[in-house]
Amino acid sequence: MTPPANSTRRVVLRAEDVWKSYDQGAIAVLRGIDFTGYEGETVALCGPSGCGKSTLLHLLGGLDEPDRGRIAVNRKQLNRYSSPLRLLRHEVGFVFQLHNLLPDLTLEENCLIPTVASGLDRKVAMARLHELADRTGLSHRLGSKIQKLSGGERQRTALCRALMNKPRILLADEPTGSLDEATSAMVFDLLLDLVVKEGVTLVMATHDRGLATGCGRTIEMHNGRIHEPL
Ligand SMILES: Nc1ncnc2c1ncn2[C@@H]1O[C@H](COP(=O)(O)OP(=O)(O)OP(=O)(O)O)[C@@H](O)[C@H]1O
Ligand SMILES: [Mg+2]
């Protein structure tokens with residue numbers, strides 16, 4: 001992989017020769033992934049359905065472990081002994097492909113959950129929630145249950161939840177996947193605005209080439225490896 005021109009910037013994500021398969025090796029998905037993410041950059045992760053985008057994001061976020069290879073977040077090596085979840089509560093936000101919000105809880109309750117896990121002071125958490133809700137146009141929906149929200153509102157809620165603890169890295173898995181074109185563009189613009197303003201590093205899996213061009217760098221996955229246009 002050719003390092004981008006900004007290679008003097010700080011490395012915040014690093015995957016080295018990462019392999020991952022499912023069903024005892026019957027489904028080989030990642031076959032030697034090398035990836036470097038730099039502080040503050042925005043990266044689109046593209047590739048056909050089933051090529052392993054979600055798998056890679058889960059590994060980068062410490063939600064699953066590789067069969068082989070090394071992953072480091074902010075220069076800290078992830079492994080089963082380093083309690084990745086504790087580390088990741090503070091350093092990495094995750095927007096899931098199916099947003100994974102709790103439908104019976106309100107927008108506010110969903111967003112506060114990660115702040116309870118991270119031990120953030122309640123007043124600080126509420127101030128952050130109001131700030132994010134304001135920026136994403138959700139202030140009037142704070143008390144609404146997720147099941148009453150539209151698709152776009154749910155995706156924006158998932159964004160807010162992922163950013164509550166002010167992570168330096170955001171991993172977003174098809175954050176606009178289930179939305180119509182106009183809503184998708186609106187949610188993506190918001191996402192980009194939030195991460196750029198706060199200097200957050202973004203890695204976003206997407207099928208949408210239009211959205212990918214809005215990111216600073218695009219990488220392609222196929223045959224279990226990453227190919228980066230020169
Ligand atoms: N828990 C699992 N058990 C078995 N196979 C899995 C599991 N998770 C993913 N796979 C398989 O691994 C491959 C990669 O899946 P993954 O979800 O990473 O692809 P993707 O690129 O995110 O696809 P999409 O664009 O459709 O979201 C697929 O063939 C999928 O069926
Ligand atoms: Mg996926």
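This short talk walks through a metal site, a sheet, a set of salt bridges and a pair of helices.

Good morning, colleagues. Please keep in mind throughout that the structure before you is a predicted model.

I begin with the metal. The magnesium ion, ligand 2, is coordinated by two side-chain atoms, OG of S54 and OE1 of Q97, at 2.0 to 2.4 Å. These two residues come from distant parts of the chain, 43 residues apart. S54 belongs to helix 1, which covers residues 53-60. Q97, by contrast, sits in the loop that runs between strand 6 (92-95) and helix 3 (107-118). Is Q97 buried, partly exposed or exposed? With a relative accessibility of 38%, Q97 counts as partly exposed.

The model contains an open sheet of 4 strands, in the order 2-1-4-5, with antiparallel pairing. Which strands stand at the edges? They are strand 2 and strand 5 (76-77); each has a single partner strand, so one side of each is left without a neighbour in the sheet. As a general point, strands of a sheet pair through backbone hydrogen bonds, either parallel or antiparallel. Here, strand 1 and strand 2 run antiparallel and are joined by 9 bridges. Within this pairing, V11 stands opposite Y38 of strand 2.

I turn now to the salt bridges, of which the structure holds 13. I shall describe three of them.

One of them joins the side chains of R10 and E39, with an N to O distance of 3.8 Å. R10 lies in the segment before strand 1 (11-22), while E39 lies in the loop between strand 2 (27-38) and strand 3 (42-46), so the chain separation is 29 residues. Both ends are partly exposed: the relative accessible area is 33% for E39, and the relative accessibility is 38% for R10.

Another salt bridge connects E16 with R70, again at 3.8 Å from N to O. Since E16 lies in strand 1 and R70 in strand 4 (residues 68-73), this pair ties together parts that are 54 residues apart in sequence. E16 is partly exposed, at 27%, and R70 is partly exposed too, at 42%.

The side chains of E131 and R135 meet in a salt bridge at 3.1 Å, N to O. How many residues separate R135 and E131 in helix 4? They are 4 residues apart in helix 4 (residues 122-135), and therefore separated by about one helical turn. R135 is partly exposed at 26% relative accessibility, and E131 is partly exposed with a relative accessible area of 31%. Both residues also take part in a network of salt bridges that links R128, E131, R135 and E198.

Finally, I come to helix 3. Its buried residues are L107, N110, C111, L112, P114, T115 and S118. Just after helix 3, G119 takes a positive phi of about 80°. How does helix 3 pack with helix 5? Helix 3 and helix 5 (residues 151-163) pack at an angle of about 30°, and their axes are 8 Å apart. That angle makes helix 3 roughly parallel to helix 5, because angles under 35 degrees count as roughly parallel. The crossing of helix 3 past helix 5 is right-handed.

To close, I return to the metal: the magnesium ion is coordinated by S54 and Q97, which come from distant parts of the chain. Thank you for your attention.

Note on methods:
Residues are numbered from 1 along each chain as its sequence is written. Chains are lettered from A and ligands numbered from 1 in the order in which they are written. This is a predicted model: local features need pLDDT of at least 70, side-chain atom pairs count only at pLDDT 80 or more; totals for chains, interfaces and linings use all residues. Side-chain values use heavy atoms; hydrogens and water are left out. Donors are N, O and S atoms within 2.8 Å of the metal (3.2 Å for Na, K and Ca); water is not among the atoms, so sites may look incomplete. Buried means under 20% relative accessible area, exposed over 50%, partly exposed in between (1.4 Å probe, protein chains only). A salt bridge is a side-chain nitrogen of Lys or Arg within 4 Å of a carboxyl oxygen of Asp or Glu. Two strands pair if DSSP finds at least two bridges between them. Axes are lines fitted to C-alpha atoms, for helices over the stretch in contact, and angles run from 0 to 180 degrees between N-to-C directions. Angles under 35 degrees count as roughly parallel, over 145 as roughly antiparallel, 65 to 115 as roughly perpendicular and the rest as oblique. A crossing is left-handed if the near helix is turned anticlockwise from the far one by less than a right angle, and right-handed if clockwise.
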